[in-house]
Amino acid sequence: MSGSRDSASDPAMRRPDFAAWMGQGNSITQQFLSFGNRPGLIALSGGLPAAELYPVDDVQAATERALATHGSAALSYGAVEGFPELRETIARRLSTERLKLTPENVLITTGSLQAVELIGKALIDAGDAILAEYPTYLGALDAWLPRQPRYAELAYRERWPEAKFAYVVPNFSNPTGAVLARAEREALLARSEESGIWLVEDDPYGELRYDGAVQPSLLEMSARPESTVYDGPVVHLGTLSKTIAPGLRVGWAVGAPEMIRALAQAKQGSDLSTSTFCQAVSLELIRADADRRHVPTLVDAYRERRDALCAAAQEHLSDLFDWKVPEGGMFVWMTARRPGLDTNALLSFALEEGVSFVPGSVFDPSGQASPSLRLNFTANPPERLQEGVRRLSRAVRAFASQRAAAE
Ligand SMILES: Cc1ncc(COP(=O)(O)O)c(C=O)c1O
C-alpha cells in the first residue's frame, strides 16, 4: 500500500527506548550537576571541588614544561596504557617497602571514573553480581548500568562467593563520608582471598583528610613483601581530580599486571589512550610535586567549610537530622530522625527555598526511597554554606507541616 511505513527498513522505527535506560542513571547525575546553574540557588548537591582554589599558575607552568619537554609526543596518539614516564612515576610514588610496583602495574585512565567503567567492561556479564556498600557512588552505578549487573550488599558474607568483584570507597566515601576502619579493611581482604574475587578500591578522596589517623590502603595491605611486582587482588583507583583539578581528566588504575592488561584491552576501544597532552601536563605537575604541595591549602579551606556547614546544621537541623562529622572528603550524609521522611519528596521544597541536595535514593543500588541526603561542603564558601543550611531547615519544616496538614 503506497504511503505505509515499512518498519523493517525505516531506521527511525528501530531506535531503542533510550529514555527508559537513561532515566535510571546518567540523567540523574546531569540533573544534579545542572542545579549549580540556577540563578540564586545554593547548590549543596554537586560533588565539585572549590573552583577558585584550582592551582592555575602551577598548571600553566606545567603546560609550558610539557610542551618544551615532550614536544610532539604531547600532541600525538599515545600508548593505550599511558605515557611510560607517567606510569613509572605513579608506580614509584605509590611503592612502599611492602608494596612493590612497576609500570606494568599501572594504567593511566581518563579520570578514575573511566577505570570504574573499564572494570565493568572487562568483568561484568549481564546478570553478574557485584558487591557494593549501600549506599554507594552514583558514578559507578551509572558506569555499570548498561552491563545490567545485580547488586548485593558488601556486608553479607554469604554473597561473596557468587560475586564478580567488590567495590569500595574506603576513605571519606561518596556519599556518606565514612572511613573503613583497619579491622574492616582486614575483613574485606580476608573475604576477597576466601572467595577469590577482585576488590576495587576507589580512592579519590584519601588525601583530603582534615582530622584523624591515616589508614593503610587495601592495595598496600594486600601486598606480599616478597613479591617484586604486585600481584594481589586489589585494583586501586586514584586521580588528580581532587588534588589538582577535574578538568585534567587524568586518573590511574593500579593492580596485578594481568588485570592492567585486561583493562588496557577494554580501554583500546573506548578512547585509544588518555589525552597525551593532559598526561604530559600531569606528569610535569607530579614531577614538581604540585599536587602534594597544594593539598595543605585544600585541607585548610575544606576543613573550615566542613566546620561551617556542620556548625550551621547543629544550630538549624539537629532536631530533624542525625549525621557524623566526616574526617575528610567532600560530603556530609544526613539521615532524618523521623522515620519515613522521603528525601526525594523533600527536594522540591528545598529547590523552592533556593538550596539543592542529593536525595539518598540515587546512591542506593536498589533505588529505594531514603530518609538520607548528601550535602557537599567544598564548592561554596562558609557564609553560603550557612545560608544553604538555613534554607534547608526552612524547607524541611515547610515539608513537614504540609505533610501534617495532609494527614
Ligand atoms: C568515589 C568516586 N570515584 C570516582 C570519581 C571520579 O573522579 P574522576 O574525576 O577521577 O573521574 C568520583 C568523583 O566524584 C568519586 O566520588
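**Figure 1. Salt bridges in the predicted model.** This is a predicted model, and its salt bridges come to 25 by the rule applied. One of them pairs Arg-93 with Asp-291. Their closest N and O atoms are 2.7 Å apart. Arg-93 sits in helix H4, residues 84–94, and Asp-291 in helix H11, so this pair ties together parts that lie 198 residues apart in sequence. A salt bridge also links Arg-209 to Glu-327. Here the closest N and O atoms are 2.8 Å apart.

Figure 2. In domain 1, 24 residues are in contact with domain 2, and 24 residues of domain 2 are in contact with domain 1. The size of an interface is often given as the accessible area lost when the parts come together. For domain 1 and domain 2 the buried area is about 2300 Å². Carbon and sulfur atoms give 63% of that area. On the domain 1 side, Glu-327, Phe-363 and Pro-365 supply 28% of the area buried against domain 2, more than any other three residues.

**Figure 3. Polar and charged pairs across the domain interface.** Two salt bridges are counted between domain 1 and domain 2. Nine residue pairs are in polar contact across this interface, with both residues at pLDDT 80 or more. Which elements give two or more residues to the side of domain 1 that touches domain 2? They are helix H2 (26–34), helix H11 (290–316) and strand S10 (331–336). H11 gives the largest share of that side, seven residues. By residue class, the side of domain 1 that touches domain 2 divides into 13 nonpolar, six polar and five charged residues.

Figure 4. Strands of a sheet pair through backbone hydrogen bonds, either parallel or antiparallel. In this open sheet the four strands follow the order S9-S10-S13-S12, and the pairing is antiparallel. Strand S9 (321–323) and strand S12 (358–359) stand at the edges. Each has a single partner strand, so one side of each is left without a neighbour in the sheet. S12 runs antiparallel to strand S13, residues 372–376, and two bridges join them. Pro-359 has Leu-373 of S13 as its bridge partner.

**Figure 5. Backbone geometry in the loop between S5 and H7.** Most residues other than glycine have a negative phi, and most peptide bonds are trans. Phe-172 is not a glycine, yet its phi is positive, about 55°. Phe-172 lies in the loop between S5 and H7. A cis peptide bond runs from Asn-174 to Pro-175. Its omega is near 25°. Pro-175 is placed in the loop between strand S5 (163–168) and helix H7 (182–195).

Figure 6. Tyr-134 and Pro-135 are joined by a cis peptide bond. Omega for this bond is about 0°. Where does Pro-135 lie? Pro-135 is in the loop that runs between strand S3 (129–132) and helix H6 (138–144).

Conventions
Residues are numbered from 1 along each chain as its sequence is written. This is a predicted model: local features need pLDDT of at least 70, side-chain atom pairs count only at pLDDT 80 or more; totals for chains, interfaces and linings use all residues. Side-chain values use heavy atoms; hydrogens and water are left out. Contact means heavy atoms within 4.5 Å. Buried area is the accessible area (1.4 Å probe) that two parts lose on being put together, summed over both. A salt bridge is a side-chain nitrogen of Lys or Arg within 4 Å of a carboxyl oxygen of Asp or Glu. A polar contact is a pair of N or O atoms within 3.5 Å; within protein, one must be able to donate a hydrogen and the other to accept it, and residues adjacent in sequence count only if both atoms are side-chain atoms. Ala, Val, Leu, Ile, Met, Phe, Trp, Tyr, Cys and Pro count as nonpolar, Asp, Glu, Lys and Arg as charged, and the others, Gly among them, as polar. Two strands pair if DSSP finds at least two bridges between them.
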